[in-house]
Amino acid sequence: MELTPAEKGMLDGKNSKATKKGMEILVALGEMFGAKKLIDVKSVQIAGVSYHNLEEAGLEFLEKMAEDGKVQVLTTLNPAGMDLEEWQKLGISEDFAKNQLKVIDAFSKMGVKTTCTCTPYLIGNRPAQGDHIAWSESSAVCFANSVLGAYTNREGGPSAIASALTGKTPEFGMHLDENRQAQVEVKVNANIESFTDWGALGHAIGSKVGKKIPLITGISKDNADEDKLKIFSASIATYAGIGLYHVEGVTPNETTTPSESIEISEEDIENSKKFLNDAETIDLVAVGCPHCSIEEMKRIAELLEGKKVNREFWICVSREVANQAKEQGFVDKIEASGAKIARDTCMAVAPLKGRFTGLATNSAKAVFYGRGKNNFKTTFCELDECVAKAVE
Ligand code: F3S
């Protein structure tokens, strides 16, 4: 891979030990994937923030990088394992909290904006069409590539940190137009309107076409607002394992029409919904996967006003959107009901195993992680129904 003199300097350790390490990671990655050069990135989003996933070895790596490493571009974090301020209310142990705060301190020392969210595009880390970025979180990667028209591979934690410290990423994969063309047309012959329709569509496409980039046709633009595409990006990234999709007439990237095509029927959507539902009882309701937008916070506040919850109810959201919601009076209404605003974290990265058995959620991605990481049985239903289950 060809390096500029400045990049060679970083690799030779002229900047800092952490930058040298970062450059070593990027060069190794670039060579593995046949990149010809490094390119500049406009922003970075780092996953692998929860101490639950990092454990002691991950924390040590971060503290080492923080000794002399400084980020070169706007860098934000994925959700942590707890609300960074009010962790007690979520039942987090003191020991876990102590270690989680050490993780955040290490990122902060490097100059990372320690806002912890999988929807950075809602709080100021929002790339423009055509921007090259290095993001980690699968739903955010899928949303940035598909809905915003940015260019990013799905970075692992270490490669995202390497990009943050150097401002670079190797040019391969999703950074090249030739790899962003649709590979299969998905003709939707079903009414895709509600959030659970979109979540089930992600699961249905994943089941039928796997990792191919789809050009999805037959969807009305009126049913494809940003919140729905947010939840769809999370679902299709989870069940198809892809970082880019096209929706005809909706998403901004240009693509050729592929010769292969498949159909998604009403029955496919119903089957996916059945698959996502297996709980008989519910002891946790959680929404905000990906983190809630201000419109979702408004809706939840309207639904909870004057009511009391009878089950543990988590509303996962970034601290910034929660602050906006507070200013608009939504947080007070939500908290008066006994529901918990889970800032900086989510139901998948917080240490919840063993505390609950049945999860109700409006997110197909939360179903996947609830089952896989926490052994939950799941009920997959609309936001309004989730709130109704919390108060019933
Ligand atoms: Fe975000 Fe956690 Fe869901 S990181 S996309 S809320 S699993």
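In the predicted model, the residues surrounding the ligand are Pro79, Cys118, Glu137, Ser139, Gly288, Cys289, Pro290, Cys346, Ala348 and Lys365. Sorted by class, this shell consists of six nonpolar, two polar and two charged residues.

Aromatic contacts were examined next. Such a pair of rings is described by the distance of the centres and the angle of the planes. Across the whole structure, seven aromatic pairs are found. One of the pairs joins Tyr51 and Phe96; the ring centres lie 6.1 Å apart and the planes stand at 75 degrees, so the arrangement is edge-to-face. Because Tyr51 belongs to helix H3 (residues 51–65) and Phe96 to helix H4 (residues 94–109), the pair ties together parts that are 45 residues apart in sequence. Tyr51 and Phe96 are both buried.

A stacked aromatic pair is formed by Tyr121 and Phe143, with 3.9 Å from centre to centre and 10 degrees between the planes. This pair, too, links distant parts of the chain. Tyr121 is located in the loop between strand E4 (113–116) and strand E5 (134–135), whereas Phe143 is located in helix H5 (residues 138–148), and the two are 22 residues apart. With a relative accessible area of 3%, Tyr121 is buried. Phe143 has a relative accessibility of 0% and therefore also counts as buried, the cut-off being under 20% relative accessible area. Elsewhere, Trp198, Phe232 and Tyr245 are linked into a cluster by ring pairs.

Charged side chains are also placed over aromatic rings. Lys228 lies over the face of Phe195, at 5.7 Å from the ring centre. Arg371 is positioned over the face of Phe275, at 5.0 Å from the ring centre.

Helix H9 spans residues 266–276. Its buried residues include Asp268, Ile269, Ser272, Lys273 and Leu276. These residues cover an arc of only 140 degrees around the axis and therefore lie on the same side of H9. On the other side of the helix, Glu267 and Lys274 are exposed. The packing partners of the buried residues of H9 comprise both helices and strands. The helices are H7 (195–209), H8 (226–239) and H13 (364–374), and the strands are E10 (261–265) and E15 (377–380).

Technical notes: Residues numbered from 1 in each chain as written. Predicted model: local features only at pLDDT ≥ 70, side-chain atom pairs only at ≥ 80, totals over all residues. Heavy atoms only, no water. Near = heavy atom within 4 Å. Nonpolar A, V, L, I, M, F, W, Y, C, P; charged D, E, K, R; others polar. Phe/Tyr/Trp six-rings, centres within 6.5 Å; stacked < 30°, edge-to-face > 60°. Helix = DSSP H or I, 4+ residues; strand = E, 2+ residues; numbered from the N terminus. Buried < 20%, exposed > 50% of the residue type's maximum accessible area, 1.4 Å probe, protein only. Lys NZ or Arg CZ within 6 Å of the ring centre and 35° of its normal. Arc of directions from axis to C-beta. Contact = heavy atoms within 4.5 Å.
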